[in-house]
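Please look over the sequence and the model below before reading on.

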Amino acid sequence: SPAAVPSVRSVRVSSAMAILGELGTEILIPVCGVVGIVFAIAQWFIVSKVKVTPGAAAAGGSKNGYGDYLIEEEEGLNDHNVVVKCAEIQTAISEGATSFLFTMYQYVGMFMVVFAAVIFVFLGSIEGFSTKGQPCTYSTGTCKPALYTALFSTASFLLGAITSLVSGFLGMKIATYANARTTLEARKGVGKAFITAFRSGAVMGFLLSSSGLVVLYITINVFKMYYGDDWEGLFESITGYGLGGSSMALFGRVGGGIYTKAADVGADLVGKVERNIPEDDPRNPAVIADNVGDNVGDIAGMGSDLFGSYAESSCAALVVASISSFGINHDFTAMCYPLLVSSVGIIVCLLTTLFATDFFEIKAASEIEPALKKQLIISTALMTIGVAVISWLALPAKFTIFNFGAQKDG
């Protein structure tokens with residue numbers, strides 16, 4: 001209630017600072033983000049060693065598969081036309097998906113501009129586009145004008161939207177880059193195909209989470225140069241970052257999904273009914289269009305969707321922290337606790353990935369499901385320990401959370 005707000009403003013909690021200092025936080029978050037990006041690039045490099053051009057394979061076994069003979073080569077039955085055809089299909093799908101995305105991004109760009117203007121107008125009009133500071137709601141002092149908060153919120157929305165589009169595009173590129181390579185590796189055995197597909201998925205996952213973490217962290221530090229001690233306004237403006245990410249995911253998922261269904265129906269009607277071409281035969285152009293839609297909707301759209309969920313949850317947690325005793329006491333380490341958890345998660349996932357690609361080897365299809373379950377168990381155990389450690393280091397022994405005028409001690 002309005003009567004309860006003044007009492008909240010007068011409260012100032014004196015809590016002990018976190019064990020992990022501000023300098024350690026400033027180093028840990030970006031370092032973990034960069035490590036995740038470097039690891040993703042390394043996985044991409046390993047996947048690229050699987051060649052999609054015909055030629056004699058090098059002798060010798062390799063768990064990653066790029067040094068082994070094909071089964072057909074061992075039996076003297078290899079037809080290099082198969083490899084050439086895989087490369088042609090991959091190129092057609094990749095070019096189609098890229099063209100589809102860039103065409104869609106032209107319309108998405110117009111939506112971004114219009115919606116950014118709507119955000120600016122609605123947020124700026126709260127105080128009548130005033131350039132004067134306003135009393136803070138949850139802390140003492142004066143907060144920045146609503147007009148400038150609207151401006152920074154609009155900027156963070158555009159930044160989140162662009163990061164989401166880039167995440168989807170990179171996910172689509174690695175998917176179309178790895179599909180033929182996974183197919184060719186499958187001719188050597190299930191284990192080779194599993195490792196190639198797993199590494200390709202790791203590229204998208206690590207690039208998405210790491211780039212989102214780094215961009216969000218840089219944005220906070222840049223905005224902090226203007227907001228200073230007004231952490232309430234700072235993290236209110238950061239919320240636009242998550243909104244931009246989730247808004248862009250809508251276009252990729254829905255646009256790609258409708259496109260692929262139209263192409264799939266067209267391929268079946270024309271190819272199977274009229275021309276008697278088998279289903280999913282690359283001789284049917286509609287099949288290529290169907291695969292283009294699959295990559296755009298299921299990969300690029302999913303990548304944007306995952307980024308949007310990650311950005312939204314991180315921004316929401318930061319807003320809650322900004323109106324708690326963390327924000328009032330300017331405890332930067334405790335404020336960045338959501339980002340620290342994400343940083344630990346990147347390192348844990350990196351270690352967990354090695355169990356699937358380097359520490360153990362898949363030799364049969366029946367071993368894939370147990371291997372994935374082991375991944376889940378290992379990551380859960382390591383992440384539980386990691387969250388416990390980072391909570392002990394980053395959070396003070398006692399803190400207060402303000403919830404609509406009521407105090408909640410933790």
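This is a predicted model: local features need pLDDT of at least 70, side-chain atom pairs count only at pLDDT 80 or more; totals for chains, interfaces and linings use all residues.

**From the surface to the core**

Residues are numbered from 1 along each chain as its sequence is written, and side-chain values use heavy atoms, with hydrogens and water left out. Helices, here and below, are DSSP runs of H or I with at least four residues, numbered from the N terminus.

The patch consists of Leu23, Ile27, Val31, Val35, Ile347 and Leu351, which together have about 490 Å² of accessible area. Such a patch is made of residues with over 30% relative accessible area and no salt bridge, nonpolar side chains (Val, Leu, Ile, Met, Phe, Trp, Tyr) being joined within 5 Å and like charges within 9 Å; the areas come from the Shrake-Rupley method with a 1.4 Å probe, and for residues only the protein chains shown count as cover. Two helices, α2 (22–48) and α11 (337–359), each supply at least two residues of the patch. Isoleucine 347 lies in helix α11 and is partly exposed, with a relative accessible area of 32%, where buried means under 20%, exposed over 50%, and partly exposed in between (1.4 Å probe, protein chains only).

Inside the structure, the largest nonpolar core has 45 residues, and those with the most contacts inside it are Leu216, Ile220 and Phe235. A nonpolar core is a set of buried Ala, Val, Leu, Ile, Met, Phe, Trp, Tyr and Cys residues joined through side-chain atoms within 4.5 Å. Among the helices that each supply at least two residues of this core are α2, α5, α7 (231–274), α8 (285–322) and α12 (368–394), while the largest share, 12 residues, comes from α6.

**Along the helices**

Helix α5 (residues 146–186) has 41 residues and reaches 58 Å from its first C-alpha to its last, close to the 60 Å expected at 1.5 Å a residue, the expected span being 1.5 Å times one less than the number of residues. At alanine 178, α5 bends by about 30°, a bend being the angle between axes fitted to the seven residues ending at a residue and the seven starting there.

The 44 residues of α7 should span 64 Å at 1.5 Å a residue, and the end C-alpha atoms are 65 Å apart, which agrees. After α7 comes asparagine 276, whose phi is positive, near 60°. In α8 there is a kink of about 30°, centred on methionine 302.

**Charged pairs**

Side chains of opposite charge can pair when their charged atoms come close. The structure holds 2 salt bridges, a salt bridge being a side-chain nitrogen of Lys or Arg within 4 Å of a carboxyl oxygen of Asp or Glu. In one of them, glutamate 185 pairs with lysine 188, the closest N and O atoms being 2.6 Å apart; glutamate 185 is buried at 1% relative accessible area, and lysine 188 is buried at 18%. Lysine 373 forms a salt bridge with glutamate 369, with the closest N and O atoms 3.3 Å apart. Because these residues, lysine 373 and glutamate 369, are 4 residues apart in helix α12, they are separated by about one helical turn, and lysine 373 counts as partly exposed at 49% relative accessibility.
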